[in-house]
Structure formats: structure tokens, C-alpha cells
Amino acid sequence: MSHSIQCPICGKEGIPDFHREDVVCPCCGSDLFIYNRLREVTEIQPESSNVKLRSKWLFLGTISLLLIFIIITCCITYSKFTHKEAEITKLQNKVSELQDSIQNLNTKLSKSTSTYTFTDIPETNYRIYIVEKGDCLRGISHKQLGTELRFEEIASLNNLVSTDVIHPGDTLKIPTQ
């Protein structure tokens, strides 16, 4: 042999040709079996009929995988659709139950012996005021009743203490007299 073989692991020169036989490097102890097998795999030259056959199998394998993917996608979509369909059916049943309950309540109300008239509602001695930004009980009393002195009356009517904080948007009862 004209050139020295070098171990691909440790770089030791002068080892037997691991391309031709199974060799264990005397320096590092590495089994170079896999390198021999790699050479065998790379040296195989397929015949033209084998290439055609492999191409057909590769094509059929690809088509098979594509069909499996499509089938799985369809199954998942169908599963989601039937799940949504079941949810819709449950909701429709609940709506039907609610409609039945409403109908029963309407029937009970129409059969009710009690009747209410506007005379049953007590007359109110106040009007409603919506608190604005910057309002306080004294200011509202002055603005709505003409004097700051009635702020405790407003607080009492609203179950408040005269020192309670009020906020914009709160509703207060204001005496009408």
C-alpha cells in the first residue's frame, strides 16, 4: 500500500485498512466497524430497474402518506363538527325548557288573584338626583334645595352619614319639600 491509513477517531497512522475489513484501532481502541459499513452503503450503485422500482415505491409511499393525512384531517373536522352539533342540540333543549318555564309563569300570572293598581304604590316625597363630578352633600343641598343646611336631611334619606363620600354616577333621593 502506498499511503498509510489513519484512524478517523484518534488520527493514529499505520492502522489496517478499515475500509476493507473490520478493524479496532490499536491506539484508541475504537471499533471502526461502522466506517466499513458506511463504505459498503456508499459504494452500492443501483441498477436502472432498481431506481425505477424505488421511484415508484417512493411515489406510492408519498401518495399513501398524503391520503392518510387527508383522512385524519377529515376525521378530526367531522369530530369537531359533530361535537359542535351536539352542543347546539343541548342549547336548543335548554332554550325549549326556558320557553316552557316562561309559558308556565305567564299562565300562573294570568291566573293570579292579586291585582295591582297604581294606588297601591306609595307616594314618594323625593326626587332622584344623579351625582356629578365635584358634588358633595352640602353643594347638592344648596343647588337642589336652595340652602346648604339641609345636607343632613339628604344624608338621612339616603341612609348615609353626612361625612360619607359620594361618587359621580351615584343616585340620591332629594326631598321634594
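## Overall architecture

The protein chain holds 4 helices and 2 strands, where helices (H or I, at least four residues) and strands (E, at least two) are DSSP runs numbered from the N terminus. Read from the N terminus on, these elements follow the order α-α-β-α-α-β. The model is a predicted one, in which local features need pLDDT of at least 70 and side-chain atom pairs count only at pLDDT 80 or more, while totals for chains, interfaces and linings use all residues. Residues are numbered from 1 along each chain as its sequence is written, and side-chain values use heavy atoms, with hydrogens and water left out.

Of the 177 residues of the protein chain, 15% count as buried, a class that means under 20% relative accessible area, with exposed meaning over 50% and partly exposed lying in between (1.4 Å probe, protein chains only). The accessible surface of the protein chain comes to about 14,600 Å², and 59% of this area belongs to carbon and sulfur atoms; the areas come from the Shrake-Rupley method with a 1.4 Å probe, and for residues only the protein chains shown count as cover. Among contacts between residues at least 6 apart in sequence, 36% join residues at least 24 apart, a contact being heavy atoms within 4.5 Å.

## Nonpolar cores

The largest nonpolar core has 11 residues in all, namely Y129, V131, L137, I140, L145, F151, I154, A155, I166, L172 and I174. Such a core is a set of buried Ala, Val, Leu, Ile, Met, Phe, Trp, Tyr and Cys residues joined through side-chain atoms within 4.5 Å. Two or more residues are given to this core by each of α3 (137-145), α4 (151-157) and β2 (171-175). A second, separate core of 7 residues includes I5, C7, I15 and V23. In soluble globular proteins, nonpolar side chains tend to be buried together.

## Helix α3 and its surroundings

Within α3, the residues L137, I140, S141 and L145 are buried. Seen down the axis of α3, these buried residues fall within an arc of 100 degrees, so they line one face of the helix; the arc is that of the directions from the helix axis to the C-beta atoms. An α-helix has 3.6 residues a turn, so residues three or four places apart point the same way. The cover over the buried residues of α3 includes β1 (126-130), α4 and β2. Just after α3, G146 adopts a positive phi of about 85 degrees.

## Salt bridges

A search of the whole structure finds 3 salt bridges, each defined as a side-chain nitrogen of Lys or Arg within 4 Å of a carboxyl oxygen of Asp or Glu. In one of them E132 pairs with K143, the closest N and O atoms being 3.6 Å apart. Because E132 lies in the loop between β1 and α3 and K143 in helix α3, the pair ties together parts that are 11 residues apart in sequence. E132 is partly exposed, with a relative accessible area of 45%, and K143 is likewise partly exposed, with a relative accessible area of 45%.

K143 also forms a salt bridge with D135, where the closest N and O atoms are 3.3 Å apart; D135 is buried, at a relative accessible area of 16%. Through shared partners, E132, D135 and K143 are joined by salt bridges into one network. A further salt bridge links R150 to E153, with the closest N and O atoms 2.8 Å apart, and E153 counts as partly exposed at 36% relative accessibility.

## The loop between α4 and β2

N159 is found in the loop between α4 and β2, and its phi is near 55 degrees, a positive value in a residue other than glycine. N159 is exposed, with a relative accessible area of 73%. D164 is found in the loop between α4 and β2 as well, and counts as partly exposed at 33% relative accessibility. Although D164 and C136 are 28 residues apart in sequence, their C-alpha atoms are 9.4 Å apart in space.

## A nonpolar surface patch

L53, W57, F59, L60, I63, L66, L67, F69, I70 and I71 make a nonpolar surface patch of about 1,000 Å². Patches are made of residues with over 30% relative accessible area and no salt bridge, with like charges joined within 9 Å and nonpolar side chains (Val, Leu, Ile, Met, Phe, Trp, Tyr) within 5 Å. One of the patch residues, L67, lies in helix α2 (residues 48-111) and counts as partly exposed at 48% relative accessibility.
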